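Good morning, and thank you for coming.

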Amino acid sequence: MHNNRRQFLGMALATAAFATVGAAVASAATVEEIKAKGTIVVGIQGDNAPWGFVDSSGKQDGFDADVATLFAKELGVKVQFQPLAVANRIPALTTGKVDILFATMAMTEERAKSIQYSKPYAANTISLYAAKADTAKTPADVAGWEIGVPKSSSQDKAITDAVGSTATVRRFDDDASTIQALVSGQVKAVGGNMFYGQRLDAASPGTYERKIDFLTTYNGVGTRLGEKDWNEAVNAFLDKIKANGELAAITKKWMKIDLPTFPETIANIPFTVK
């Protein structure tokens with residue numbers, strides 16, 4: 001019940017987010033303006049545990065919440081979380097409804113045309129999940145299947161690139177509704193991050209498994225293009241928490257893994273504002 005309520009809260013908040021941020025949000029404020037205001041508005045996912053989710057008491061929690069809270073502390077300000085649906089993350093940033101994105105933002109060339117990424121601070125594996133009874137060892141095995149993904153997500157791109165020409169890709173609003181689509185039989189498989197297995201097992205124990213790994217992605221903090229002050233502030237912060245062990249501790253807490261080794265560069269995705 002708690003998990004279902006948490007997902008409901010996350011979906012409700014994320015769906016309403018774009019319309020209800022209101023006057024408290026920034027409108028493309030500088031770092032110094034945020035310090036003067038005393039509050040940073042962070043765009044985050046509200047339904048994608050353990051990355052970002054709203055717990056049963058209505059509190060934002062998860063990996064990104066912990067990292068963002070540390071960033072707010074670094075700036076000397078309070079943090080205000082704004083849960084966002086997957087497709088609303090970039091528009092919320094670019095229109096100034098949030099100051100920054102700690103929102104499971106997989107680093108892609110296409111997104112790098114719209115936002116400025118930081119250095120990577122998390123890694124994620126995108127895979128196909130389906131019932132144990134169904135055979136899917138290679139992309140050719142899923143020809144004709146209906147596969148669910150959260151629209152505008154890294155899963156959407158990975159699944160579409162890999163099997164979009166032979167399978168039907170069905171797009172849902174967020175991770176929770178994508179998982180529910182598989183459990184309810186609307187689709188035969190889903191493209192998910194490395195925690196979909198846990199969430200599917202919680203929804204229907206012993207039914208589903210990871211079938212095919214498509215790619216490993218890296219997540220970056222999102223800021224607006226050309227805003228050098230934000231980019232420099234967040235990169236300096238990430239360097240600090242990588243060096244002092246705080247990021248490793250948060251990664252171990254939520255992901256149950258050691259801190260990954262991150263690439264120094266990713267082709268066509270700049271980490272800094274020139």
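The lining of the largest cavity comprises 10 polar residues, three charged residues and two nonpolar ones. Please keep in mind that this is a predicted model.

How many cavities of 30 Å³ or more does a search of the whole structure find? The search returns three. The largest has a volume of about 100 Å³. Its lining consists of 15 residues, and those closest to the centre of the cavity are Asn48, Arg89, Thr104, Ser154 and Gln155. Two or more lining residues come from each of two elements, helix H5 (154–163) and strand S11 (208–224).

The protein chain is divided into domain 1, covering 31–123 + 219–255, and domain 2, covering 125–216. Each of these domains supplies at least three residues to the lining of the largest cavity.

Next, the relation between the domains. Taken over C-alpha atoms, the centres of domain 1 and domain 2 are separated by 26 Å.

Finally, the annotation. An unreviewed UniProt entry assigns residues 39–258 the label "domain: Solute-binding protein family 3/N-terminal". Within the model, this span is 33% helix and 31% strand, and its end C-alpha atoms lie 31 Å apart.

Key: Residues numbered from 1 in each chain as written. Predicted model: local features only at pLDDT ≥ 70, side-chain atom pairs only at ≥ 80, totals over all residues. Heavy atoms only, no water. UniProt positions renumbered as here; feature names shortened; annotations may be inferred. Helix = DSSP H or I, 4+ residues; strand = E, 2+ residues; numbered from the N terminus. 1 Å grid on protein atoms, 1.4 Å probe; cavity = no way out; pocket = protein on both sides within 12 Å on 5 of 7 lines; lining within 4 Å. Points joined across faces, edges and corners; volume = space filled by probe spheres on them. Nonpolar A, V, L, I, M, F, W, Y, C, P; charged D, E, K, R; others polar. Domains from an automatic or database assignment.
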